[in-house]
Amino acid sequence: AAIVEHTFVVHEMNMTHLCNSTKVYVVNGQLPGPQLDVVDGDTVVVHLVNELPHGVTIHWHGVRQLRSCWADGAGYVTECPVAPGGNRTYRFDVSGQVGTLWWHAHVTCLRASVHGAIVVRPKDGRYPFPTPARDVPIVIGEWWTLDLVELDRRNLDGNFEDDPLSATLNGKLGDLSNCSGVPEESFVLDVEPGKTYLLRFINTALFSEYFFKVAGHTFTVVGADANYLTPFRTDMVTISPGETMDVLMVADAPPGLYHMTAVANQPPPPDLQIRALTSRGLVRYAGVRADNGGAPVPAPLMPGQHDTMPSYYFRGNFTGLAFPSRHRVPAHVDERLFVTLGLGSICRGGKKDCKLRRSNETITVATMNNVSFHHQTAASLLERHYDGTGEGLYTEDFPDRPPRPYNYTNMDLIPVGPLEEVLEPTTKAIRVRRFKYNSSVEIVFQSTALLQSDPNPMHLHGHDFFVLAQGLGNFDPKKDVKKFNYHNPQIRNTVHVPRVGWTAIRFIADNPGMWYLHCHFEFHIVMGMATAFIVEDGPTPETSLPPPPADFKRCGTNGFSKP
Ligand code: C2O
């Protein structure tokens, strides 16, 4: 096994799109940032140098971080941010995972531009599918002209009016023309006829699930979240923020130019304020003239912007491929949680006694079982847990189920008037959950109509989980458990919980530490759709969390306790 070493300098720079120079936060002058190429079993060492006027952390999204929770990089959960002018080294192993993962900043909204791919290749170089001629990352993102730290501030204050200007493919806007009619640069995928390409999709967007198609071509999805899938044929890839997908595409069309299109999928009205965010690119066959010999360039036919069903059926078709053989789905369940993903309201400015149903005195927050995660900056949850001084910062009573059952997916719940008038009073708190080492945990996530009918890509740090089933409507324990796939479920770290539907997962809590669980829509995180799991140490040193590295950032000492 090798050591893969990088230095990441996070800094500001100006980039010009659509005739406007915008200050952006990037790593090493690149957007997307540098790609980490590792082989299963390698050790990654990244020296982070912070040249921003803000604190920053880097999270290695999907990397198991087995016994290295200190390197997980979740701001204020596993560490305090690296202060302006400061640095730290992240060191961790990537082992037992093959495919595509990614890294991103994990404080405020910085991840919109501070991100990059992690590509993990198999030790023996062999895939359970034909070896591709080349692999190509396709990073779906968004171009923001608003300062990302300011965006976070506005979201925290309950202001969600801001949109990105465009979707991007590998940082290219691709679909829009600038002030003098010059088209923005597009992402171009060069192919040779008959060859197979491994497209490594990552959705880094803050706000949207994306549909992706290439005119005249089909795909075979072979992996997701660095776990192999049973090959699945489709003409469209659907990907939510936080998800990654490995997809084969054969260049088997008549040589020419073909448009690729990524378009944001948005829940149906009333969530109408978001424009159809699109980015276009090109597939270009070797030897084809840039003007396509005068022939029109075919564009794929995309589903409607508000058509959520293709997304539901797409993931419902995934099953896992037992290669290399992975551990089996645990047959027993030690801890069973039913978690509603909803909205509530709290008093503005931390007041206790506001009229909770009057909109000018309240802020709308997102909840899990009617608890809204409190974003604090006094200490990281992990350092408090490790030092045994968690008291006062969090409690260990995240509820098993919502405080009162209701018809979660009744669309009549969607308010016609101001949201604040119908939402449940809720509280801001850090209520985590403690699991014994090696316990088997089952969670059913229930999306609710209250949440303006959004879907929710739920991401768990430090663990992969089996996706047992998904369904529409309210989860019914009596009949829906019959749908659970114990035989060959897909293994993921991020699961798209369908709008007005549910998803059931199961995992073994075998990684000691403090692990963030949250929706990967940035505005849902900011609004509080998050919690954390403590996994206790096992019985031996080999099953326990080692002490923190010397340069670990503690709030207020060498870390940064300002957002
Ligand atoms: Cu990519 Cu906590 O997430």
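## Strand β26 and its neighbours

In this predicted model, strand β20 (residues 335-347) and β26 run parallel and are joined by seven bridges, and within this pairing Phe338 has Val444 of β26 as its bridge partner. Strand β26 also pairs with strand β31 (residues 501-509), but here the two run antiparallel and eight bridges join them; Ser440 stands opposite Ile508 in β31.

Strand β26, which spans residues 439-447, is mostly covered, with seven of its nine residues buried.

## Domains and the contact between domains 2 and 3

The chain is divided into domain 1 (1-126), domain 2 (128-326) and domain 3 (335-543). Between domain 2 and domain 3 the C-alpha centres lie 28 Å apart, and the contact draws on 31 residues from domain 2 and 28 residues from domain 3.

On the side of domain 2 that touches domain 3, at least two residues each come from α1 (148-156), β15 (227-234) and α2 (309-316), and of the elements on this side α2 gives the most, with four residues. By residue class, this side of domain 2 is made up of 13 nonpolar, 11 polar and seven charged residues.

## The largest nonpolar core

The largest nonpolar core comprises 154 residues, and those with the most contacts inside it are Ile118, Ile140, Tyr210 and Val247. For Val247, leaving aside residues up to four places away in sequence, the residues touched are Leu199, Phe201, Phe219, Thr220, Val221, Val222 and Val237.

Key:
Residues numbered from 1 in each chain as written. Predicted model: local features only at pLDDT ≥ 70, side-chain atom pairs only at ≥ 80, totals over all residues. Core = buried A, V, L, I, M, F, W, Y, C linked by C-beta atoms within 7 Å. Buried ≥ 20, exposed ≤ 12 C-beta atoms within 10 Å, placed from the backbone. Contact = placed C-beta atoms within 7 Å. Domains from an automatic or database assignment. Nonpolar A, V, L, I, M, F, W, Y, C, P; charged D, E, K, R; others polar. Pairing = 2+ DSSP bridges.
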